[in-house]
Amino acid sequence: MTSAGPQALVVTRATLDDWPVISGWAADEGWNPGLSDGPAFFAQDPGGFFIGRLGEEPVSAVSVVTYGADYAFLGCYLVRPDLRGRGLGLATWKAGLAHAGGRTIGLDGVVAQQDNYRRSGFVFAHRTVRYTGPAPAGESAPGVRPAEKADLDAVTAYDSACCPADRPRFLEHWLTAPGHRVLVRGEGDRLTGYAVIRPARDGLRIGPLFADTAEDADALFGALSAEAAGREIAIDVPEPNSAAVALAERAGLTPSFETARMYTGPVRPFASERVYGVTTLELG
């Protein structure tokens, strides 16, 4: 797929080979992408990533990753800084949005772009705040253990209850990606939460952190902190979950970055009270 735009821009579908360029731009903007994010992102929707070029030079990007027939998530909206203000981003944006069809689209928008998103039909749902700092001293808690291959179905079902859409293809890669550490907590055969920590450009990222209760979330976070051993960690916390905000503050983490979750339409009901840490700002 190609489309022409301002300044002879040509927008095509990106491939995994383009990911180092896109993630490099994201890192320059302070998003701190994970080191193994690309394969999991593309596994969910290989056709959902777009890159704009002037001649052979990549200059812009956006992703609109689809989840089933009703939902898509927009991320990685980037234009090279020296070429902003020339309409390149808008042309790339339009090419990406077309991929969503009639689906409701979600995004986590940076402050500088939120007015533009509103003009494009996105409606504010809540703020998300990134908390960062050295991992506090933690310890394993009863019921917390490393996830095993046999847990995949249970984790996938638990994840679906916490998200606006099912995402088994993404999870199959996210839970097994190099460097990703997955912990679960449960009572017998029933999970009461799970969490992932992964290496990023700067330190470690926690996401998701999904849990039934504040006690479950504390137990999972404490076990992750014990493994992080004083390294820099980051977690993106949905502000309406006051228990999640309190957890981050008790851990001594401080706000460093904020976004707004926004949607173009309705999403299916999900257990937002279980979301203590967002999976990623790029794919939701």
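**Note on the predicted single-chain model**

1. The chain holds eight helices and 14 strands. Its radius of gyration is 18 Å, close to the 19 Å that the globule rule gives for 284 residues, so the chain is as compact as a globular protein of that length. This is a predicted model, and the remarks below should be read with that in mind.

2. On overall dimensions, the C-alpha atoms fill a box of roughly 60 × 35 × 30 Å along the principal axes, while 55% of the 284 residues count as buried. Among contacts with a separation of 6 or more, 73% are accounted for by residues 24 or more positions apart.

3. The accessible surface of the chain comes to about 11,900 Å², and carbon and sulfur atoms supply 53% of that area. As for charge, there are 26 positive and 34 negative charges in the chain, and their mean positions lie 5 Å apart.

4. Helix α8, which spans residues 242–250, has Ala-244, Val-245, Leu-247 and Ala-248 as buried residues. Viewed down the axis of α8, the buried residues fall within an arc of 160 degrees, so they line one face of the helix. The face turned away from that buried side carries Ser-242 and Arg-250, both of which are exposed. The packing partners of the buried residues of α8 are β7 (123–134), α7 (214–228), β12 (232–238) and β14 (275–277). After the helix comes Gly-252, with a positive phi near 80 degrees.

5. Strand β7, one of the elements against which α8 packs, contains Thr-128. Thr-128 is buried, with a relative accessible area of 2%. Setting aside residues up to four places away in sequence, Thr-128 touches a set of residues that includes Asp-108, then Asp-236, Val-237, Pro-238 and Glu-239, then Phe-257, Glu-258 and Thr-259, and also Val-278 and Leu-281.

6. Gly-106 belongs to strand β6, residues 104–110, and is buried with a relative accessible area of 0%. Beyond its neighbours within four places in sequence, Gly-106 is in contact with Tyr-71, Ala-72, Phe-73 and Leu-74, with Phe-122, and with Met-262 and Tyr-263. Between Gly-106 and Phe-122 there are 16 residues of sequence separation and a C-alpha to C-alpha distance of 7.9 Å.

7. Helix α5 covers residues 152–161, and Val-155, Thr-156, Tyr-158, Asp-159 and Ser-160 are buried there. These buried residues pack against α6 (168–174), β9 (181–187), β10 (190–199) and β11 (204–211). Strand β11 is also the place of Pro-208, and the peptide bond leading from Gly-207 to Pro-208 is cis, with omega near 0 degrees.

8. Some points of backbone geometry deserve a separate look. Most residues other than glycine have a negative phi, and most peptide bonds are trans. Cys-76, although not a glycine, has a positive phi of about 55 degrees; Cys-76 lies in strand β5, residues 71–79, and is buried at a relative accessible area of 4%. Ala-229, likewise not a glycine, has a positive phi of about 50 degrees; Ala-229 sits in the loop between α7 and β12, where it counts as exposed at 62% relative accessibility.

Definitions and conventions. Residues numbered from 1 in each chain as written. Predicted model: local features only at pLDDT ≥ 70, side-chain atom pairs only at ≥ 80, totals over all residues. Heavy atoms only, no water. Helix = DSSP H or I, 4+ residues; strand = E, 2+ residues; numbered from the N terminus. Rg over C-alpha atoms; globule rule 2.2 N^0.38 Å. Buried < 20%, exposed > 50% of the residue type's maximum accessible area, 1.4 Å probe, protein only. Contact = heavy atoms within 4.5 Å. Areas by Shrake-Rupley, 256 points an atom, 1.4 Å probe, with all protein chains shown as cover. Lys, Arg positive; Asp, Glu negative; His and termini not counted. Charge placed at Lys NZ, Arg CZ, Asp CG, Glu CD. Arc of directions from axis to C-beta.
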